[in-house]
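Student: Could you walk me through this model, one question at a time?
Tutor: Gladly, let us look at it together.

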Amino acid sequence: MSDLSAHLDRTGVCASILCALHCLTAPVLTLVAPALRGLWDHPVSHISIAALVVPLAVVALRRGFKAHGRRWIPTVGATGMGLVVLGAALPYLAAAAPTASTVACDACDQCCPSLVTDNTTGASRLNVPPASLVTLLGGASMIVAHVANLRSCACCRRG
């Protein structure tokens, strides 16, 4: 495994961890800095991140597989990539409005955990949409695949 492949796997692990931190900090950030809400938890940010991490993972896991030949690693990685893409798409699939501008606005509450206040009682609760859970599972799968790829290829280098 080349240094490039190891670098891609390390970048993939970091990207997946940052994605998880993004999801976990969304409710806090929307309370502390409500102006960031539209940017921080907008579904387009998730699609953009998926568009960056999926090709990176494909290249890293493919190169690693050629070195170590363990099929379960790219299988777990592909599952993770599929879940990340599904998580990015779910807010749009869940939104019922026909126009893109309305879908984007309605979808903002469907991608990241958020604090929701009941208008009648004033009580707040944590809203964890399915897209968030699916994305977190996908990110965790990708972390497992990247770490396994790194470890397996390190064994290949040792002998």
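Student: L21 lies in which helix, and is L21 buried, partly exposed or exposed?
Tutor: Before we start, note that this is a predicted model, where local features need pLDDT of at least 70, side-chain atom pairs count only at pLDDT 80 or more, and totals for chains, interfaces and linings use all residues. Residues are numbered from 1 along each chain as its sequence is written, and side-chain values use heavy atoms, with hydrogens and water left out. Helices (H or I, at least four residues) and strands (E, at least two) are DSSP runs numbered from the N terminus, and L21 belongs to α1, residues 3-32. Buried means under 20% relative accessible area, exposed over 50%, and partly exposed in between (1.4 Å probe, protein chains only); because L21 has a relative accessible area of 44%, L21 is partly exposed.

Student: In what order do the helices and strands follow each other along the chain?
Tutor: The protein chain has six helices and two strands. Read along the sequence, the pattern is α-α-α-α-α-β-β-α.

Student: How do the two strands run, and how many bridges join β1 to β2?
Tutor: Two strands pair if DSSP finds at least two bridges between them. In the hairpin, six residues lie between the strands, and G122 takes a positive phi near 80°. Strands β1 (residues 114-117) and β2 (residues 124-127) run antiparallel, and the number of bridges joining them is four.

Student: Which residues does M142 contact, leaving aside neighbours within four places in sequence?
Tutor: Contact means heavy atoms within 4.5 Å. M142 is itself part of the largest nonpolar core. With those neighbours set aside, its contacts are S16, V53, A57, G77, G80, M81 and V84.

Student: Why does H146 count as buried, and what does H146 touch?
Tutor: H146 is found in helix α6. H146 counts as buried because its relative accessibility is 1%. Not counting residues up to four places away in sequence, H146 touches L8, D9, G12, V13, A57, A60 and L61.

Student: How far apart in space are P55 and M81, C-alpha to C-alpha?
Tutor: P55 is found in helix α3, and at 42% relative accessibility P55 counts as partly exposed. P55 and M81 are 26 residues apart in sequence, and their C-alpha atoms are separated in space by 9.2 Å.

Student: And what is the C-alpha distance between A94 and A131?
Tutor: A94 lies in helix α4 and is exposed, with a relative accessible area of 51%. A94 and A131 are 37 residues apart in sequence, while the distance in space is 9.4 Å.

Student: What percentage of the residues of the protein chain count as buried?
Tutor: Among contacts between residues at least 6 apart in sequence, 71% join residues at least 24 apart. The chain has 159 residues, and the share that count as buried is 38%.

Key: Core = buried A, V, L, I, M, F, W, Y, C linked by side-chain atoms within 4.5 Å.
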